[in-house]
Amino acid sequence: MEKNNSSKGVAKASFKFFQYVVMIVILIVCATLAFRFGSAVFSNSSVEEPPGTDKTITVVKGTTIGDLGEMLEEYNIINSATVFKVQAVIYGVDEVKPGTYNFNNSKGGEELFKIISAGPEEAKPDTEEVTEIE
């Protein structure tokens with residue numbers, strides 16, 4: 001009988017130890033994922049190194065920040081639509097004006113949100129146009 005009780009005790013202790021190891025591994029994985037996500041949100045990283053690739057995106061009326069994030073991810077301008085949505089909250093950008101935008105995938109989040117806040121290209125005055133007076 002003593003052997004049976006001691007082997008039950010060893011089995012209980014082994015099971016408890018296994019539970020703690022599993023909990024620690026889960027905690028480490030969750031902490032690592034949270035750190036990576038936080039780093040992505042607060043870094044100003046881009047998809048490509050400069051000069052990057054210019055891409056023109058037309059935004060229709062009713063497009064949300066989430067929709068724009070998914071579109072930018074699809075066109076390889078940003079790495080993650082989820083990170084983009086969180087950055088939109090941080091930068092205080094909650095709407096997108098319809099129109100045509102020129103993005104470069106070597107720009108980081110802060111620069112992209114400056115472009116979005118400034119509005120579409122056709123709404124901006126053309127500063128490169130030269131008018132000759134005769």
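Predicted model: local features only at pLDDT ≥ 70, side-chain atom pairs only at ≥ 80, totals over all residues.
View 1. The rings of Tyr101 and Phe103 form a stacked aromatic pair, with 5.8 Å from centre to centre and 10° between the planes.

**View 2. The tilted pair of Tyr91 and Phe113.** A search of the whole structure finds three aromatic pairs. Tyr91 and Phe113 form a tilted one, in which the centres are 5.3 Å apart and the planes make an angle of 35°. Because Tyr91 lies in helix α3 (residues 81–91) and Phe113 in helix α4, this pair ties together parts that are 22 residues apart in sequence. Tyr91 is partly exposed at 37% relative accessibility, whereas Phe113 is buried, with a relative accessible area of 2%. Together with Phe84, Tyr91 and Phe113 form one aromatic cluster.

View 3. Ser106 counts as buried because its relative accessibility is 14%, under the 20% cut-off. Its side chain makes a polar contact of 2.6 Å with the side chain of Asn104, and a polar atom of the Ser106 side chain lies 3.4 Å from the backbone oxygen of Pro51. Leaving aside neighbours within four places in sequence, Ser106 is in contact with Ser46, Glu48, Glu49, Pro50, Pro51 and Gly52.

**View 4. Thr63 in the loop between β1 (54–59) and α2 (65–74).** Thr63 is buried, with a relative accessible area of 12%, and a polar atom of its side chain lies 2.7 Å from the backbone oxygen of Val60. Not counting residues up to four places away in sequence, Thr63 touches Leu68 and Val96.

Technical notes:
Residues numbered from 1 in each chain as written. Heavy atoms only, no water. Buried < 20%, exposed > 50% of the residue type's maximum accessible area, 1.4 Å probe, protein only. Polar contact = N/O pair within 3.5 Å; in protein donor to acceptor, adjacent residues only side chain to side chain. Contact = heavy atoms within 4.5 Å. Helix = DSSP H or I, 4+ residues; strand = E, 2+ residues; numbered from the N terminus. Phe/Tyr/Trp six-rings, centres within 6.5 Å; stacked < 30°, edge-to-face > 60°.
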